[in-house]
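Let's walk through this model together, one element at a time. Keep the viewer open and turn the structure as you read.

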Amino acid sequence: MKRKGRYVVEAAYLVPGLCILLVYLVFFTLYAHDYAVCVHTALECGIQGSYVDARSDRQVEADLRQKLLQKLPQRLLWLQNETVEVKADPVRIGIKVSGTGSFLPVDGIHIQQTIYRINPCSIVRRRRWLAGKSGT
């Protein structure tokens, strides 16, 4: 008679443990998705703004901030209160994306990306090794 109740007691501990594990797995997946989306969106918008054109640094900052604030809410699942900071100078563009979500016990997502504003085509054309000539 004592062995009949043993399975019920084991299931009473095991089933809630498995349910909690599955819930945390789903929450972690949402966090990982939003982290990857923030990194990708920051790099995507930063690369678009890194090309040298007639715009000033302040115009580039405003355009990138607008693009990021437009694209991020469409792509995110967990992050709700996102903040975007963009700093542009003649050498690099710095993008910071941070925010918090509603139901995960983490501080939030904080991403900082630096995209260098160089003109790689002219640098490659000037190199002699591209044409097969030695530099001596």
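In what sense do strand β1 (residues 83-88) and β2 pair, and over how many bridges? They pair in the antiparallel sense, over six bridges. Helices (H or I, at least four residues) and strands (E, at least two) are DSSP runs, numbered from the N terminus, and two strands pair if DSSP finds at least two bridges between them.

Before going further, a word on the source: this is a predicted model, in which local features need pLDDT of at least 70 and side-chain atom pairs count only at pLDDT 80 or more, while totals for chains, interfaces and linings use all residues. Residues are numbered from 1 along each chain as its sequence is written, and side-chain values use heavy atoms, with hydrogens and water left out.

Back to the strands. A hairpin of three residues connects β1 to β2. On to strand β3 (residues 109-116): eight bridges join β2 to β3, and the two run antiparallel. Here Lys96 has Gln112 in β3 as its bridge partner.

Put together, the three strands make an open antiparallel sheet in the order β1-β2-β3. Because β1 and β3 stand at the edges with a single partner strand each, one side of each is left without a neighbour in the sheet. On average, neighbouring strands of this sheet are turned by 10° against each other, direction ignored; axes are lines fitted to C-alpha atoms, for helices over the stretch in contact, and angles run from 0 to 180 degrees between N-to-C directions.

Two helices pack on this sheet. Helix α1 (residues 6-49) touches β2 and β3 (contact means heavy atoms within 4.5 Å), and its direction makes about 25° with that of β3. Helix α2 (residues 57-75) touches β1 and β2, its direction making about 155° with that of β1.

Now look along β2 itself. In a regular strand the side chains alternate between the two faces of the sheet. Buried means under 20% relative accessible area, exposed over 50%, and partly exposed in between (1.4 Å probe, protein chains only).

Finally, return to helix α1, where Leu21 is found. Leu21 counts as exposed because its relative accessibility is 56%.
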